[in-house]
Amino acid sequence: MTRQASIRVIVADDQAAVREGLVLLLGTMPGITVVAEAADGEQAVALVAEHRPDVVLMDLGMPHVTGVEATRRVRQDHPDTQVVVLTTYASEDLALEALHAGALGYLTKSATKDAIARAIIAAADGQALLDPGVQRTLVQAATRSQPAPAPADRLTAREIDVLKLVAAGLGNREISRHLFISEPTVKTHINRIFAKTGSKDRAQAIQYARQHRYTE
């Protein structure tokens, strides 16, 4: 996909050396511009409100406000800003927390420069990209036991709107026009609905909608 403008990124990490290194690294990547850097989750949320970036590259283990909580607040208040987690840990619990909070990508700090660039570009386009190790962890967790459907109240009002339209048979473009949001935003909502409801595809999401009476 050819972009007309650079992807605007905020880097959030409490370790100054790591943060500065990431800023320098991203500065070498064509089509990516760092607009600000944050030393904790509270500052990250404030800087998103100020700069309205396309993507936040978010550490999880930060003081004052954690990366998970900062991700949740960014996604609630600024839905056009995507979050890619870049953290030390690849645990199942942390990955699920971050994804449920609204992160669209999850990488560990062992990720290569190219992997980080791909995750940022994918997130800016509304696509999810997970570290292979994290993906394996989540797949293994899913195969150990069939997850129970998430409680209905974990879906946001907008996600419920999208789910109802999916259940009504509308495609992404139709949903986009109906709700006056972009197609990448529709894809983001659908990815999040899949994650929260344990659905692998639209058919399972529709079944979930029927079970929770969103089609009535």
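Contact here means heavy atoms within 4.5 Å. The model is a predicted one. The buried residues in question, in helix 2 (residues 41-51), are Gly41, Ala44, Val45, Leu47 and Val48. They lie on the same side of helix 2, because the arc they cover around the axis is only 165 degrees.

Both ends of helix 2 have local features. Just after helix 2, Arg52 has a positive phi of about 50 degrees.

The open sheet has six strands in the order 2-1-3-4-5-6, with parallel pairing. Strand 2 and strand 6 stand at the edges with a single partner strand each, so one side of each has no neighbour in the sheet. The residue ranges of these two edge strands are listed below.

| Edge strand | Residues |
|---|---|
| Strand 2 | 32-38 |
| Strand 6 | 129-130 |

Strand 1 (residues 7-12) and strand 3 (residues 55-58) run parallel and are joined by four bridges. Ala12 has Met58 as its bridge partner in strand 3. Helix 5 (residues 113-124) packs on the sheet and touches strand 1, strand 2, strand 3, strand 4, strand 5 and strand 6. The direction of helix 5 makes about 160 degrees with that of strand 4.

His78 sits in the loop between helix 3 (67-77) and strand 4 (82-87). Is His78 buried or exposed? His78 is buried, because its relative accessible area is 11%, under the 20% cut-off. Leaving out residues up to four places away in sequence, His78 touches Val48, Ala49, Arg52 and Arg73.

Note on methods:
Residues numbered from 1 in each chain as written. Predicted model: local features only at pLDDT ≥ 70, side-chain atom pairs only at ≥ 80, totals over all residues. Heavy atoms only, no water. Buried < 20%, exposed > 50% of the residue type's maximum accessible area, 1.4 Å probe, protein only. Pairing = 2+ DSSP bridges. Axes fitted to C-alpha atoms, helices over the stretch in contact; angles between N-to-C directions. Arc of directions from axis to C-beta.
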